[in-house]
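Have a look at the picture, and then we'll go through who touches whom.

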Amino acid sequence: MQLTALSHFSTHPLACSPWWPRHHLVRRLPPLSAAALHHQMVTHSMPPEKLEVFKSLEPWVTLSVLPVLKPVENSWQPNDLLPDPSQPSDEFVDEVRALRQRTCELSEDYLVVLVGDMITEEALLTYQTWFNTFDGVRDDTMSSSSTWAIWIRGWSAEENRHGDLLRTYLYLSGRVDMKMIESTACNI
């Protein structure tokens, strides 16, 4: 097994996975340029039939799906739904206390669901990266004007907001062990 892909991170101080390689066990390599990384990227070609399906759906996605995506300026943001830290300190603290009081009524089962949702939303970059390995939907530059690239970026941004909101809400609630959740998420 070649560990070259992990060697750049072998001494990372935030490594939390138990399988993380130790720096003295891994051959250190010089950093790769973006072009070299792109060249080494594993891509998954779709069979021609599937690629044809994706291509045939592009006009429908353009007319029916893309109009649903809102511009960032018109999209909700997590801070719209959370206590406002720009308020005077006592007002912010009062809002956090009120949030905590409301969360006291939530069952542990409900909190487990929120934690699971948060972890799923935070895995979003994995999904976006995975989509970008497929022919027909790949967005090599992360700024492509192709129908699928626009949709994937818009969907990713929306899902990212969900994860940010859930993380902050759970943190402010004081009802869950965020350190344990973060450690667990690193091992998934």
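## A charged pair in α3

Lys-55 and Glu-58 form a salt bridge, with their closest N and O atoms 3.7 Å apart. (The term means a side-chain nitrogen of Lys or Arg within 4 Å of a carboxyl oxygen of Asp or Glu.) Both residues sit in helix α3, three residues apart, or about one turn of the helix. In total, the structure holds seven salt bridges.

Before going on, note that this is a predicted model, where local features need pLDDT of at least 70 and side-chain atom pairs count only at pLDDT 80 or more, while totals for chains, interfaces and linings use all residues. Residues are numbered from 1 along each chain as its sequence is written, and side-chain values use heavy atoms, leaving out hydrogens and water.

## A nonpolar patch

Val-53, Leu-57 and Trp-60 make a nonpolar surface patch of about 290 Å². Patch members have over 30% relative accessible area and no salt bridge; like charges are joined within 9 Å, and nonpolar side chains (Val, Leu, Ile, Met, Phe, Trp, Tyr) within 5 Å. Accessible areas come from the Shrake-Rupley method with a 1.4 Å probe, and for residues only the protein chains shown count as cover.

Trp-60 belongs to α3, which covers residues 48-65. Helices here are DSSP runs (H or I) of at least four residues, numbered from the N terminus.

## α3 against α7

How do α3 and α7 pack? Their angle is about 55 degrees and their axes are 9 Å apart, so the two are oblique to each other. Axes are lines fitted to C-alpha atoms over the stretch in contact, and angles run from 0 to 180 degrees between N-to-C directions. Under 35 degrees counts as roughly parallel, over 145 as roughly antiparallel, 65 to 115 as roughly perpendicular, and the rest as oblique.

From α3, the residues that meet α7 include Phe-54, Leu-57 and Glu-58, and their partners include Trp-148 and Trp-151. Contact means heavy atoms within 4.5 Å.

Helix α4 (residues 89-103) packs on α7 at about 90 degrees, with axes 8 Å apart. That makes α4 roughly perpendicular to α7.

Helix α6 (residues 124-131) meets α7 at about 170 degrees, with axes 10 Å apart, so α6 and α7 are roughly antiparallel. Among the residues making this contact are Tyr-127 and Phe-131 of α6, and Trp-155 and Glu-159 of α7.
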